[in-house]
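Please read the following report alongside the sequence and the coordinates. It moves from the whole chain to the sheet, and then to the core.

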Amino acid sequence: MSQDTNEAAVRRFRTLFISDVHLGSKSAKADHLLDFLRHHEAETIVLIGDIVDGWRLKRSWYWPQDANDVVQKLLRKARKGTRIIYIPGNHDEFLRDFPGIHFGGIEVKTNTIHEAADGKRYLVLHGDEFDVVVRHARFLAYLGDWAYDAALGINIVLNMLRRRIGMPYWSFSAWAKHRVKQAVNFIGEFQKVVAEEARRHEVDGVICGHIHHAAIEDMDGITYINSGDWVESCTAIGETLDGEMTLLTWRVLRAETTPTTTPPLLAPPVAQVKLREVEAA
C-alpha cells in the first residue's frame, strides 16, 4: 500500500501507547508497525520502551530499511504536530541518560503520568524496574534474552511450514510462555507489583510494557494495562477521544486483508473500566 493512505481508512485516537518493538532484532515486525502507523493517528504517541534493541545491536548490527521507515514515520508525525514521548526500557536504556531532551521533536522521559480524557490518571513506565532478574542478575537477563531469540527462531521455521500448507501464523514462543508455570507465575507477580506501584502514586491505573503480554485487567481497583509487543502479538493501546482504553491488534497487513480484532482473553472485561473490543475497520 502506498504512503498516501486514504483518509477514510485512518482511525483517530487521543493517545496511542506502543512498546517493545525491538528495532534491530530480526524478529521485529517493523513492517506491521509501519502499516499500523499509516492507518492510525493520535494527538499523542507514547513509546513505552524497548523501541530500539540496543542489546542485540551490540552483539551484531542489523538495521533493515523497514526499521528506518518506522523511525522516519514517527519523526514525520512529530513534525506534523503529534506529541511523541519516549520512555526508555532496558533494551534501549542508553536513552535514560537524556531525560527531558528532545530528539527531532520526540521527548525523552523516565516515566510520566497520563491524564485520560475521562479524568483518570495512569502511571506510564516500561516496567523493567520491577523485574528482579533485569535489575539484579544481568547475566541471567542476557541468557533469557538468548533463549527468547531461540524460541523466535523456532517460530520462523514453524510458520514457514505452516504457510506452505495454508495455515495461519502461530507463535511457539507465546504458546510456551503461557504454558510454562514459571512464566505464568512471573506475569502474575509482575502485574501485582506494577499495580501496587500505581497505587503508591495514587493514580487510577498503570500502562507498561516489558513482558510482551498484552492485557487490560483490574487489579483490586487499579487498572493494569500492558501494550504488548511488536515481535509476536503486534498490539498497542489506544485511548479514544472520550478516554476509553482499547487494546488494538495488527497481526495482518492491511494490504493483505482486514485486521483481526483482539482475542477476548487478552482484554477481559472489568467492572471499573469500560472496555471495548476493536471492530474491524
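The report below treats the chain as a whole, the sheet with one of its strands, the nonpolar cores and the cysteines.

This is a predicted model, in which local features need pLDDT of at least 70 and side-chain atom pairs count only at pLDDT 80 or more, while totals for chains, interfaces and linings use all residues. Residues are numbered from 1 along each chain as its sequence is written, and side-chain values use heavy atoms, with hydrogens and water left out.

**The chain as a whole**

The protein chain holds seven helices and 12 strands, these being DSSP runs numbered from the N terminus (helices H or I, at least four residues; strands E, at least two). Of its 281 residues, 51% are buried, where buried means under 20% relative accessible area, exposed over 50% and partly exposed in between, with a 1.4 Å probe and protein chains only. The accessible surface comes to about 13,600 Å², and 57% of it belongs to carbon and sulfur atoms; such areas come from the Shrake-Rupley method with a 1.4 Å probe, and for residues only the protein chains shown count as cover. Among contacts (heavy atoms within 4.5 Å) with a separation of 6 or more, 65% link residues 24 or more positions apart.

**The sheet and strand β11**

Seven strands make an open sheet with mixed pairing, in the order β4-β5-β3-β2-β1-β11-β12; two strands pair if DSSP finds at least two bridges between them. Because β4 (102–103) and β12 (245–249) each have a single partner strand, they stand at the edges and one side of each is left without a neighbour in the sheet.

Strand β11 (residues 235–239) runs antiparallel to β12, to which five bridges join it, and it is also antiparallel to β1, with three bridges. Between β11 and β12 lie five residues, the two strands forming a hairpin in whose turn G243 has a positive phi of about 95 degrees.

| Residue in β11 | Residue opposite |
|---|---|
| E239 | T15 |

Both faces of β11 are covered, with T235, I237 and E239 buried on one side and A236 and G238 on the other. T235 has 0% relative accessibility and therefore counts as buried. Leaving aside neighbours within four places in sequence, T235 is in contact with A214, S227, G228, D229, W230, L247, L248 and T249.

**Nonpolar cores**

A nonpolar core is a set of buried Ala, Val, Leu, Ile, Met, Phe, Trp, Tyr and Cys residues joined through side-chain atoms within 4.5 Å. The largest has 29 residues, and those with the most contacts inside it are I18, L33, F36, I45, L47, V70 and W230. Two or more residues come from each of β1 (11–18), α1 (30–39), β2 (40–47), α3 (65–79) and β3 (83–86), and α1 gives the most, with five residues. Apart from this core lies another, of 16 residues, among them F130, V194, V203 and M219.

V70 lies in helix α3 and is buried, with a relative accessible area of 1%. Leaving aside neighbours within four places in sequence, V70 is in contact with L23, A30, L33, L34 and L37; the C-alpha atoms of V70 and L34, 36 residues apart along the chain, are separated by 5.5 Å.

**Cysteines**

C208 is buried, with a relative accessible area of 0%, and C234 is buried at 1%. The count of disulfides is zero, a disulfide being a pair of cysteine sulfur atoms within 2.5 Å.
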